[in-house]
Every structure is written in structure tokens, then in C-alpha cells.
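Have the structure open as you read.

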Amino acid sequence: MDKVKQGVLFTLFLFGYYSGQAQIEEDKLKHLGAGAAIGAVGGWMGYELFNGQRGWMYAGAIGSSAAAGVAKELYDQPRHGVWDNADIAYTVLGGLISGVVLDLVLPRNRRSRHRHGPTCGPLAVQFDSGPNHFELGASGNLAAAFTAQTYTHP
């Protein structure tokens with residue numbers, strides 16, 4: 001198990017332990033649920049838009065839930081006169097939980113981790129037997145393209 005999952009599981013364990021010790025307000029549970037729902041949508045969008053990259057999936061889940069938590073507090077502050085950072089924290093925690101669930105559910109390695117150079121390599125142009133005849137090829141290797149640059153002017 002990699003360190004990210006260990007950290008997330010440890011955080012979830014602490015959350016579960018402390019929530020068992022003290023009664024969580026109903027408002028905090030609503031923030032947790034809303035953060036999980038919004039984070040699931042944001043994480044799935046990050047996963048789809050960036051070809052299954054885990055980092056973007058987590059960024060989508062946590063970022064969307066954080067934005068929703070801040071937006072909710074901006075909405076609540078003029079009406080109730082209170083800014084509650086704990087509400088934002090519970091909303092973000094819901095996004096983190098949805099990110100972990102998406103990581104466990106969605107298929108991995110949709111994008112190959114082992115890239116073998118650029119998919120559209122540097123172009124090499126070779127002029128033979130006159131200015132109107134040339135060959136165009138892609139080497140796929142940037143170093144080879146730089147060393148192969150020779151220009152002849154007829």
C-alpha cells in the first residue's frame with residue numbers, strides 16, 4: 001500500500017475514532033455528505049478529463065469539495081454572521097473520502113506510466129537533388145533531430 005493511501009486511511013481512522021468519542025453535529029454530517037457527493041463528481045471529471053491520472057482525480061475531488069465548502073460559508077456568513085472553518089474542513093474531508101473511493105473503484109493505469117518519447121517527434125527535412133525534392137520524416141528523438149540538422153543551399 002503506498003504512502004498516500006496509508007495517510008488517507010490513517011486520517012479516516014482518526015476521524016472515525018474522534019467522531020465516536022464526541023457527537024458530531026448534524027450540520028457537520030451534512031457538510032461531510034455534500035463534500036462526498038460534490039467530490040465524487042469533481043473527481044470523476046478529473047479522471048475523465050485527464051485520462052485516468054490519479055493526481056487529477058484527487059485534485060478534482062478535493063478541489064471541488066473545497067470550493068463548495070468555501071462557497072457555502074460565503075453564503076452563510078451574511079445570513080448567520082458566522083464563518084465556520086470546521087464546516088469547510090468536513091466538506092473537504094468528504095471530498096477526500098470520495099477521492100479514495102474513486103481510486104479504489106475506477107480502473108487504474110488508463111494512461112501508460114512508461115512513456116517512450118514524444119508521440120509526435122521532431123521533424124527532419126532532407127533535400128535531395130534540387131530544391132523541389134525533399135523528404136520529410138519524424139524521428140521521435142529530440143537529440144537525434146538536433147544532431148541531424150544539416151542544411152545545404154543549392
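Predicted model: local features only at pLDDT ≥ 70, side-chain atom pairs only at ≥ 80, totals over all residues.

The helices to find are α2 (residues 26-49) and α4 (residues 85-105), together with α3 (54-80).

| Helix pair | Axes come within | Crossing angle |
|---|---|---|
| α2 and α4 | 6 Å | roughly 45° |
| α2 and α3 | 7 Å | roughly 140° |
| α3 and α4 | 8 Å | roughly 155° |

**α2 with α4**

Let us begin with α2 and α4, whose axes cross at roughly 45°, so the two helices are oblique to each other. Their crossing is right-handed. On the α2 side, the contact is made by Asp27, Lys28, His31, Leu32, Gly35, Ala36, Gly39, Ala40, Gly43 and Trp44. Facing them, α4 brings in residues including Ala86, Asp87, Tyr90, Gly94, Gly95 and Leu102. Sorted by class, this contact has nine nonpolar, eight polar and three charged residues.

**α2 with α3**

With α3 as its partner, α2 makes a crossing of roughly 140°. The cut-off for roughly antiparallel is over 145 degrees, and α2 and α3 are therefore oblique to each other. This crossing is right-handed. From α2 come His31, Gly35, Ile38, Gly39, Gly42, Gly43, Gly46 and Tyr47, while α3 supplies Trp56, Met57, Gly60, Ala61, Ser64, Ser65, Ala68, Lys72 and Glu73. Six nonpolar, nine polar and two charged residues make up the contact of α2 with α3.

**α3 with α4**

The axes of α3 and α4 cross at roughly 155°, which makes α3 roughly antiparallel to α4. Here, the crossing is right-handed. Residues of α3 that meet α4 include Arg54, Met57, Tyr58, Ala61, Ile62 and Val70. Among their partners in α4 are Ile88, Val92, Leu96, Val100, Leu102 and Asp103. By class, the α3 and α4 contact divides into eleven nonpolar, six polar and four charged residues.

**The cavity**

How many cavities of 30 Å³ or more does the structure hold? There is one, and the largest cavity has a volume of about 40 Å³. To locate the largest cavity, look for its lining residues: Tyr47, Gly52, Arg54, Met57, Leu102, Asp103, Leu106, Pro107 and Arg108. The elements that give two or more residues to this lining are α3 and α4. By class, the lining has five nonpolar, one polar and three charged residues.

Several of these names have already come up. Arg54 and Met57 of α3, as well as Leu102 and Asp103 of α4, take part in the contact between those helices, and these four residues are among those that line the largest cavity. Tyr47, another lining residue, belongs to the α2 side of the contact with α3.

Methods
Residues numbered from 1 in each chain as written. Heavy atoms only, no water. Axes fitted to C-alpha atoms, helices over the stretch in contact; angles between N-to-C directions. Helix = DSSP H or I, 4+ residues; strand = E, 2+ residues; numbered from the N terminus. Parallel < 35°, antiparallel > 145°, perpendicular 65-115°, else oblique. Left-handed = near helix turned anticlockwise from the far one by under 90°. Contact = heavy atoms within 4.5 Å. Nonpolar A, V, L, I, M, F, W, Y, C, P; charged D, E, K, R; others polar. 1 Å grid on protein atoms, 1.4 Å probe; cavity = no way out; pocket = protein on both sides within 12 Å on 5 of 7 lines; lining within 4 Å. Points joined across faces, edges and corners; volume = space filled by probe spheres on them.
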